[in-house]
Each structure stands twice: as structure tokens, then as C-alpha cells.
Amino acid sequence: MTSSARPLLNRRLAEFGTTIFAEMSALALATNAINLGQGFPDTDGPEQVREAAVRALRDGRGNQYPPGPGVPELRTAIADHQKRRYGIGLDADREVLVTAGATEAIAASLLALVEPGDEVVAFEPYYDSYAASIALAGGTRVPVTLRPHDGRFRLDLDELRAAVTPRTRLLLVNTPHNPTGTVLTRAELTAIAELAVERDLLVVTDEVYEHLTFDDAEHVPLATLPGMRERTVTIGSAGKTFSFTGWKVGWVTSSPELVTAVRSAKQFLTYVSAGPFQYAVAEALALPDSYFTDFRADMTAKRDLLSAGLTEAGFSVFRPQGTYFVTTDIRPLGFDDGFAFCRALPERCGVVAIPNAVFYDDRAAGAPFVRFAFCKRQDVLAEAVGRLKRL
């Protein structure tokens, strides 16, 4: 036990306690509630992909340390995917880096590219690891808030431009956007690209939900826009697309210079991970287009089921254009404190959700919003909807 009065926790992390996901998942277990809080599926992904992992284990591929940048088969599959889907040509040896999920990719990118005192502009509400990674890098986060308008959360481009100062180093973009479900339009992304070029900014773009867009929403990778190929670090992940979130296989794609910079930080985090699973994800990325079409259709049906049930239960629902989360407004139910609402919900209805305020610097702006995940079996969602009608 130290006798020093100095706090044990690094001051950069002092504002971050246990994540809300751990708290609400523990509450779900304690109350036997349906957990629609944390974003993980309750069924596994394609059987052939799981069997590919088993085959790799049995064949001794990846049971020892894989190469630092990732196994060549996966790096090639990632490059092929980006070329086939978006027309982005990548050198698999120099422009692709495999990471321990997207969370490590975000952390390594920010640790590599942000100096203490640099400003990082991020769209609020944002995934909680963004704030922690910026803090660890010594950067200053500058939120630009997506605000509800006409049934979706929208970016104010004038507010974004005003947020960029001479100290701004990097824009941190997420589309499709967690937690709001917003998919930034081509026009919005073009304006972001023009701003980045004009102000000579780097961009880190989290595109892990690239295959989960609904209705007529289009996912446009920022790296495809003029002037962005050499200044954009694109982050992808297998967990959300193939429903194997526990495998923690993500990746970074960018120019050789930016990938080298990110790898310099990543090598001192996990160095390598998920050896056998990397071979399985390589096979997953080569699945036919029908897999991605069917996956999107299944998630669309689940989105519609939960959205309709939440509306019937009295919530104001923001119908998501992407991801597998629905954001709701609890004020029509007579509540305005998402934290209190979510902590009471398991006892009242046997359902767990996440208060969106945890994703905001401005907690008051996020107070009335609550997020539900619909990446669950349809029978589970139907049961949750039935329970929520008690409200």
C-alpha cells in the first residue's frame, strides 16, 4: 500500500470509471433481464466461417504468434474486399494492418497520430472508447453534436467548420454511426473531405457497420473521396459483419506512411492476436454477395420489429439508417433522465438498455435518449417488446 497522497489512477483516465456496458450487463444478470444494452448478437455467424476457425486450429495455423501486421491471407482478403466493394486499391503488404478488434485500431491510431495538446474533433454522441483513447494520447477532444431533426440525428456542417482551429490535428468520424444509427450522406461526407483537405487534417474513420445500412442509405467510405486517400485511416471489423464479436479481429487500411505509424503504436499494445481466427475471417470476407444481402435483410426485419414495439410502448423512436441500435426519446413516457430510467428498467420491465448520455460530453444533451440493441433473435426481441408494454 503506497503512502503517497498521489492518486493511483493516471490523471488522463480519472474521468473514466467502469463502463456503462459492464454495469448494465451485471444488472441484467442480477435481475434475469433481457439484455438489449451491449451490442453483441445472441447467435453465432455462418457455420462455414466457424468451421474455418476450427480447421485452422487443427491444422496448426495461427496457434503460435502470427506476423505482426496480420496473416498474409487476411491482409489480402481485406484488400480484395475494399477493391471489390469500393474500388479502393490497396497494397496488402504495406497498406493493411490487422488489429485486436476495432477498439485497438482506434486506440493505436490515436496514440500514433495525436500529440499532447492536439485537438481531435469527434461527432457526439460517440462510442466511449473514443474519449478514453484521445485522453490516453494526451489530446483534447472537441465534440460536434449530432442533433435530432426530422426523425434522425443530423450533422451541422457549419458547427463542424467552426470547431476546427489551428490546434486541430484530426477528425474522428463514425458512419454508420453508433449510437444514433445515422448514416452520413455523400454530400455530408464530401463537405467533411473538403474541410480536411482545406485545413490539412488527418481523418480516422470508424466504418465497422459498413455492411449494416438499411432502406436507401448508402455507405460511402471517406477514402474514396477526392484528396482523402492519403490522409484517411479507415477502420473495419469482422465482429459486427459476421457475428463473431468475441474473436476481436479488426483492421486498419491507409497509406503506407499512416499504416506504419499506427503499427508503431499497435505493436506495443497487443502486438498480435486472434491467430487462427484471422484465417477464418479471410474466408468470411470472400463470402458471396448473397451473404451480405441476407444479413442486411435479417437485421432490417429485427430493426422493424423492435422499432415498432418501442413506438407502441410509448417511446419516440429514431428509426436507424444503419448499425444495430435504435435510439429512443423517453420524454413521451414522462421521463427525462436516461440513467435513472435505465437503472430502473430491469426491475420494472425485465429489459436492459443503455443511457445515451454516457456517449456525450454534454450529459444534459443526451439525458432523454436511450439506446436499445436489436442484434438478437426475433423471439427474444418479441419477448422484450411484450415486457416493455408494461410502461
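Helices (H or I, at least four residues) and strands (E, at least two) are DSSP runs, numbered from the N terminus. A cavity, on a 1 Å grid over the protein atoms alone, is a set of points where a 1.4 Å probe fits but cannot get out, and a pocket is an open set with protein on both sides within 12 Å along at least five of seven lines; lining residues have an atom within 4 Å of a point.

The model is predicted: local features need pLDDT of at least 70 and side-chain atom pairs count only at pLDDT 80 or more, while totals for chains, interfaces and linings use all residues. Residues are numbered from 1 along each chain as its sequence is written, and side-chain values use heavy atoms, with hydrogens and water left out.

**Stop 1: the largest pocket**

Select T19, F21, Y127, D128 and S129, the lining residues that lie nearest the centre of the largest pocket. The pocket has a volume of about 1,000 Å³, where a volume is the space filled by probe spheres set on the grid points, and points are joined across faces, edges and corners. In total, 44 residues line this pocket.

Next, colour the helices α1 (20-31), α4 (101-113), α5 (128-136), α8 (239-242) and α12 (338-349), each of which supplies at least two residues of that lining. Which helix gives the most to the lining of the largest pocket? It is α5, with six residues.

By class, the lining holds 19 nonpolar, 14 polar and eleven charged residues. Ala, Val, Leu, Ile, Met, Phe, Trp, Tyr, Cys and Pro count as nonpolar, Asp, Glu, Lys and Arg as charged, and the others, Gly among them, as polar.

**Stop 2: the cavities**

Rolling a probe the size of a water molecule over the atoms shows where empty space is left. In this model there are three cavities of 30 Å³ or more.

Start with the largest cavity, at about 60 Å³. To see its lining, select Q82, I88, L90, A223, R229, T232, T234, T253 and S254. Three of these residues are nonpolar, five polar and one charged.

Then move to the second largest cavity, with a volume of about 40 Å³. Select Q82, E207, E210, T234, I235, G236, W251 and T253, which line it. Strands β9 (232-237) and β10 (250-253) are the elements that give two or more residues to this lining. The most comes from β9, with three residues. The lining divides into two nonpolar, four polar and two charged residues.

Find Q82 in helix α3 (residues 72-86). Is Q82 buried or exposed? At 4% relative accessibility, Q82 counts as buried; the cut-offs are under 20% relative accessible area for buried, over 50% for exposed, and in between for partly exposed (1.4 Å probe, protein chains only). Leaving out residues up to four places away in sequence, Q82 touches G87, I88, L90, E210 and T253, where contact means heavy atoms within 4.5 Å.

**Stop 3: salt bridges**

Side chains of opposite charge can pair when their charged atoms come close. A salt bridge is a side-chain nitrogen of Lys or Arg within 4 Å of a carboxyl oxygen of Asp or Glu, and by this rule the model has 25 salt bridges.

Select D93 and R75, whose side chains meet in a salt bridge at 3.2 Å, N to O. D93 lies in the loop between α3 and β2 (96-99) and R75 in helix α3, so the pair ties together parts that are 18 residues apart in sequence. D93 is exposed, at 56% relative accessibility, whereas R75 is buried, at 7%.

Now select R319 and D304, which form a salt bridge at 2.9 Å, N to O. R319 is in the loop between β11 (316-318) and β12 (325-329), and D304 is in helix α11 (residues 289-313), 15 residues apart. R319 is partly exposed, with a relative accessible area of 44%, and D304 is partly exposed at 28%.

**Stop 4: R154**

Finish at R154, in strand β6 (residues 152-154). R154 is partly exposed, with a relative accessible area of 30%. Not counting residues up to four places away in sequence, R154 touches T145, L146, R147 and H149. Its side chain reaches the backbone oxygen of H149 at 3.3 Å. For a distance check, pick the C-alpha atoms of R154 and P176: they are separated by 12 Å, with the residues 22 apart along the chain.

How values were computed. A polar contact is a pair of N or O atoms within 3.5 Å; within protein, one must be able to donate a hydrogen and the other to accept it, and residues adjacent in sequence count only if both atoms are side-chain atoms.
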